[in-house]
Amino acid sequence: MTYSPAHTSPVSARASALSGNSLTELLVLARAGGAIDLAVGTPGYPDISGGMIAEASGAMLAGHNQYEHPAGESLLRQRIADMLGDGADPQTEITVTAGATEALYVALIASVDPDDEVVLLSPGYEQITAAVGLVGARPRFVPLHAPDWRYDPADLAAAFTPRTRAIVLNTPSNPTGRVLSRAELEEIAKLCEHWDVTVICDEVYRDFAFDGNRHVSITDVPGLAERGIVVGSLSKSHAISGWRLGFLRADPERTAALRRVHELTTNGTAAPLQVAAGRAALTSGLAVVTREMSRRRDVAQEIFSRLGMTFSPVEGGCFLFADISLLTEGRQDCGAFVRDLLERSGVLIVPGSPFFSDPAAGAQYVRIAFNRRIETLREAERRIVGV
Ligand code: PMP
């Protein structure tokens with residue numbers, strides 16, 4: 001008798017559904033051709049602190065080379081709690097993860113079951129949608145409307161059902177540059193309370209809010225604070241994306257579940273780097289870094305509006321999300337536009353489509369990273385407009 005399995009592929013349906021990183025092919029082309037990369041979020045600003053690098057090698061030489069406590073090295077947890085400044089107890093409410101990427105995945109696994117519904121805003125960070133799919137949950141998208149990327153409150157209310165288990169937010173947002181206002185968060189809180197839903201909020205760009213916009217954490221909003229999981233990271237704020245240092249902040253009950261999942265996922269990120277980050281006093285919201293990032297935002301806005309792109313001023317984060325339809329007059333979608341710009345000018349930016357639940361709805365948008373040195377942005381300008 002021959003055994004005939006019911007499945008036909010060695011790859012799970014969940015893994016098959018993952019589209020992979022849409023940028024990889026373009027990045028290879030760009031790097032081979034010496035292009036300026038305004039695509040990936042890898043920080044070109046701020047600079048990594050020399051003190052932190054010295055601490056890292058020092059930590060290895062001092063013998064911190066074995067497993068750490070899975071919840072995270074204790075001084076680093078304390079520093080993260082201090083940085084958040086919301087009274088989190090590092091013993092029971094903070095968990096160090098391998099970047100915000102692991103944190104998001106762990107938060108979803110610990111909060112939702114397969115077939116539960118998860119409310120997401122679209123356009124949004126594509127990894128969030130992919131992670132929701134990977135845990136077997138169903139995204140319910142709330143459309144955000146250009147040019148200022150706000151939702152219609154009726155659409156938001158309609159997205160919540162008895163099957164809703166969580167909502168995932170990201171403020172300041174990648175890619176839209178929106179900073180959710182207190183009023184918006186309070187509106188979301190009412191729905192979360194009514195439907196008894198967990199809120200997972202990716203706040204990795206918390207230090208970068210510009211003009212009069214202030215980042216409001218969900219921990220500061222009654223109704224969300226009690227049911228919230230904050231996802232954070234040192235990747236961008238401290239320019240150490242390769243160190244893979246992220247964190248989760250949640251109440252003790254949720255934290256216990258998050259830590260159990262985390263122990264199965266990575267069981268902790270690099271021990272010497274945790275020690276080093278803990279020893280180098282972590283600071284957040286340093287006025288000078290925020291001001292400098294805002295200058296880079298201004299330069300990017302000036303360059304790309306001169307080129308003919310349109311957008312609302314970026315409220316926060318490190319990305320400009322721009323409409324190219326005046327430039328293309330509908331003759332080119334964002335993918336073709338990005339390739340063309342790369343070939344013509346040697347500057348790489350990102351097509352907007354992958355950030356939308358319906359990729360066709362994003363055909364006229366591109367994303368530009370401005371966490372770069374001013375000279376890099378100016379060089380991109382020279383290449384594009386020939387000044
Ligand atoms: N969340 C958002 C919104 C991001 O833009 C990024 C980085 N592109 C991440 C999470 C991932 O951060 P980390 O390097 O900490 O995994």
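1. In this predicted model, the axes of α2 and helix α13 (residues 334-345) come within 11 Å and cross at roughly 10°. Because angles under 35 degrees count as roughly parallel, α2 is described as roughly parallel to α13. On the α2 side the contact is made by Glu25, Leu26, Leu29 and Ala30, and these residues meet Val338, Arg339 and Leu342 of α13. Sorted by class, the residues of this contact comprise five nonpolar and two charged, with no polar ones.

2. The contact of α4 with α10 divides into three nonpolar, two polar and two charged residues.

3. The largest pocket has a volume of about 1200 Å³. It is lined by 47 residues, and those closest to its centre are Asn21, Tyr125, Glu126, Gln127 and Phe355. Elements that each supply at least two residues to this lining are α2 (24-32), α5 (99-111), β3 (117-122), α6 (126-134) and β4 (138-145), and of these α6 gives the most, with six residues. The helix α2 discussed under the first point is therefore also a contributor to the pocket lining, since α2 supplies at least two of its residues. By class, the lining has 22 nonpolar, 19 polar and six charged residues.

4. A search of the whole structure finds two cavities of 30 Å³ or more. The largest cavity has a volume of about 210 Å³ and is lined by 21 residues, of which Leu121, Pro123, Gly124, Leu144 and Asn170 lie nearest its centre. Two or more residues of this lining come from each of β3, α6, β4, β5 (150-151) and β6 (164-170), and the largest share, three residues, is that of β6. The lining divides into twelve nonpolar, six polar and three charged residues.

5. The second largest cavity holds about 50 Å³ of space. Its lining consists of Met83, Glu203, Val204, Arg206, Asp207, Ser233, Ser237, Phe247 and Ser284, which divide into three nonpolar, three polar and three charged residues.

6. Two cis peptide bonds deserve a look in the backbone. One joins tyrosine 45 and proline 46, with omega of about -5°, and proline 46 lies in the loop between β1 (36-37) and α3 (50-61). Another joins serine 122 and proline 123, with omega of about 10°, and proline 123 is found in the loop between β3 and α6. Proline 123 is also one of the residues that lie nearest the centre of the largest cavity, and both β3 and α6 give two or more residues to the lining of that cavity.

7. A further backbone point concerns aspartate 196, which has a positive phi of about 50° although it is not a glycine. Aspartate 196 lies in the loop between α8 (182-195) and β7 (198-202).

Conventions
Residues numbered from 1 in each chain as written. Predicted model: local features only at pLDDT ≥ 70, side-chain atom pairs only at ≥ 80, totals over all residues. Heavy atoms only, no water. Nonpolar A, V, L, I, M, F, W, Y, C, P; charged D, E, K, R; others polar. 1 Å grid on protein atoms, 1.4 Å probe; cavity = no way out; pocket = protein on both sides within 12 Å on 5 of 7 lines; lining within 4 Å. Points joined across faces, edges and corners; volume = space filled by probe spheres on them. Helix = DSSP H or I, 4+ residues; strand = E, 2+ residues; numbered from the N terminus. Axes fitted to C-alpha atoms, helices over the stretch in contact; angles between N-to-C directions. Parallel < 35°, antiparallel > 145°, perpendicular 65-115°, else oblique. Contact = heavy atoms within 4.5 Å.
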